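User: I've got a model open and want a quick walk through it. Can you help me get oriented?

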Amino acid sequence: MTELKINTRHTSEMVDITEEVREAAIKKGIKSGLVAVFTPHTTCSIVLFENIDPKLRRDFLEAMGRIAPAGYGYHHQGENAAAHIKSAICGARVVVPMENAKLMVGQWQGIFLCEFDGPRERRVIVQVIG
């Protein structure tokens, strides 16, 4: 198991962590298997997403803001209920196959940490099974 530290800079953002995950997986010395990527936080997520057009990331975050708007008047005592809801919708993990030390993501796919309550230092756990 490897733990990555990802520092986010904004309240809401998507950080491409594909390369960090790939490096962590390769360092384990396993060339074929599964790479599980997980975050132990309840206000951010790990997703597979399109990695070419940054405007699409902005569209995604704006759409999530429409689904769970900040300032809605949630019952949660904290001010980050919307972030918890977005995280629950998106999920905390992805699993990606690895073959010949290469992550088998699609041509336009990347692994992203979605920040919904930043800026913060986030933990990402990478586990290679092979």
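User: What is the bridge partner of N7 in strand 8?

Analyst: In strand 8, N7 has E121 as its bridge partner. Keep in mind that this is a predicted model, where local features need pLDDT of at least 70, side-chain atom pairs count only at pLDDT 80 or more, and totals for chains, interfaces and linings use all residues. Residues are numbered from 1 along each chain as its sequence is written, and side-chain values use heavy atoms, with hydrogens and water left out.

User: How many bridges join strand 1 to strand 8?

Analyst: Six, and the two strands run antiparallel. Strands are DSSP runs of E, at least two residues, and helices are runs of H or I, at least four, numbered from the N terminus; two strands pair if DSSP finds at least two bridges between them.

User: What does V21 touch?

Analyst: Leaving out residues up to four places away in sequence, V21 touches L4, V35, V37, L103, I111 and V126. Contact means heavy atoms within 4.5 Å.

User: Switching topic: which residues of helix 3 are buried?

Analyst: In helix 3 (residues 81-90), they are A81, A82, A83, K86 and S87. Their cover includes strand 4 (44-50) and helix 2 (54-67). Just after helix 3, G91 takes a positive phi of about 95°.

Notes
Buried means under 20% relative accessible area, exposed over 50%, partly exposed in between (1.4 Å probe, protein chains only).
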